Amino acid sequence: MSLELRRRDVLWAGCALAGPLLARAQGASADWPQVEAAARGQTLRFNAWGGSERINAYLQWAASELARRHAIKLEHIKVGDTAEVVRRVRAEKAAGRMADGSTDLVWINGENFLAMKREGLLFGPWSERLPNYALVDTEGKPTTRTDFSEPVDGLEAPWGMAQLTFYADSARVPVRPSSMAELLAWAKQNPGRFSYPKPPQFHGLTFLKQLLLESGSSRKALDAPFNAAIFATTAPLWSALDALHPHLWKQGRQFPASSTVMRQMLADGELSISLTFNPNEAANEIAAQTLPASVVSYQHTRGTIGNTHFLAMPFNARAKPAAQVAANFLLSPLAQARKADIRHWGDPTVLALDKLSAADRALFTGATAPGQVTRPAPTLPEPHASWVDPIEREWTRRYGQA
């Protein structure tokens, strides 16, 4: 742990209402009961994306459990983009609001985490001292400790896994493309039947990064922080897009606004292949009868981009004890199993099942549902988060004016 992080711990813990207690809790797990005691009666303002009814319902369940178990009142502050939270916390720091911030816990990863880490907007380290952190699969899922190739350094707690996944109606696409090269060949044979969300929408940027990795760009360069001197390493991406765009929906002159829009376009027969970052999304939608049972999910044979999404505390969170207790509960086998269940969310767990008791492992068992990925591919780590903005700007310059 760096000297700067230690200084921040002392400063921010001192600013918190339960500062001395939190400082001790960070150093000794034996103090966890005191953290739980301090959390009782606190209101936890959890800033999280609010665009999914399933996710919102899951958080309502979590709120009821936290109220029953710990007397914590969880308020789901619904946001459209986590960048909104970053801007708000940044403004609070500039205004000198060092102990009375508007956010206690935020759902975050990628460039938003990088921005908050670099600007000293996060409290911590704290996450690896949660009791349930011992159950996290840090070896099998290394992205639980690196967020878009940036070390987490205990500043956020892993919450769920994601991996780029394609899905198609098998009645219209009997043989699915198993690589970007095959997708290009398929698009040429089936013009107008595929597209991707318009960047900076997250799924659209993920598609660009997947194409970048499969196009032969330097992995070593992409894993390091962005360097303008080596931006030429992205040249294969633009060549691949130039070849692909004429065969997309609207000839690549327009792009769907989101993956949700693409899902509806596939359901309506306008597209034949769509994409998601949740391997269980298609299964969820089949269960909800919004997609036909003939839809199948798949990943490229050599792997697709995957990452972990996290929970973090802003430096000026008011309810730090409640935030820690909530994060610990959301890492529990009970909460993780419900989250992984397609009936509730279908978000893959961050836990190592072999670390669980037999009873807890049983919470995760269940038959494969229609639409789930049957042959998971290797997970490709994200490029460093600092590459996102340069790639987005270049895409907009080349293609975003249409």
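**Reading contacts, cores and backbone geometry**

Biologist: Leaving aside neighbours within four places in sequence, which residues is L44 in contact with?

Modeller: Contact means heavy atoms within 4.5 Å. For L44, with neighbours within four places in sequence set aside, the partners are I72, K73, L74, E75, D104, L105, A319, A322, A323 and A326. This is a predicted model, in which local features need pLDDT of at least 70 and side-chain atom pairs count only at pLDDT 80 or more, while totals for chains, interfaces and linings use all residues. Residues are numbered from 1 along each chain as its sequence is written, and side-chain values use heavy atoms, with hydrogens and water left out.

Biologist: How many residues has the largest nonpolar core, and which have the most contacts inside it?

Modeller: A nonpolar core is a set of buried Ala, Val, Leu, Ile, Met, Phe, Trp, Tyr and Cys residues joined through side-chain atoms within 4.5 Å. Buried means under 20% relative accessible area, exposed over 50%, and partly exposed in between (1.4 Å probe, protein chains only). The largest core here has 42 residues, and L44, F46, Y58, L105, L130 and W159 have the most contacts inside it. Two or more of its residues come from each of helix 3 (32-39), strand 1 (43-49), helix 4 (53-70), strand 3 (105-108), strand 6 and helix 13 (320-330). Another core, of 39 residues, lies apart from it and includes L213, W238, L241 and W395.

Biologist: Where does S195 lie, and is S195 buried or exposed?

Modeller: Helices (H or I, at least four residues) and strands (E, at least two) are DSSP runs, numbered from the N terminus. S195 belongs to the loop between helix 7 (180-189) and helix 8 (202-214). S195 counts as buried because its relative accessibility is 0%. Beyond four places away in sequence, S195 touches L248, W249, Q254, F255, P256, M262, L271 and L275.

Biologist: Which residues does T165 touch, not counting residues up to four places away in sequence?

Modeller: T165 is found in strand 7 (residues 165-169). Its relative accessible area is 0%, so T165 is buried. The residues touched by T165, with those up to four places away in sequence not counted, are S274, L275, T276, N278, P279, S297, Y298, Q299 and V373.

Biologist: What is the phi of D153, and what is that of K250?

Modeller: D153 has phi near 55 degrees, a positive value in a residue other than glycine. D153 lies in the loop between strand 5 (150-151) and strand 6, and its relative accessible area of 38% is why D153 counts as partly exposed. For K250, phi is near 60 degrees, again positive in a residue other than glycine. The loop between helix 10 (235-244) and helix 11 (259-267) holds K250. K250 has a relative accessible area of 39%, so K250 is partly exposed.
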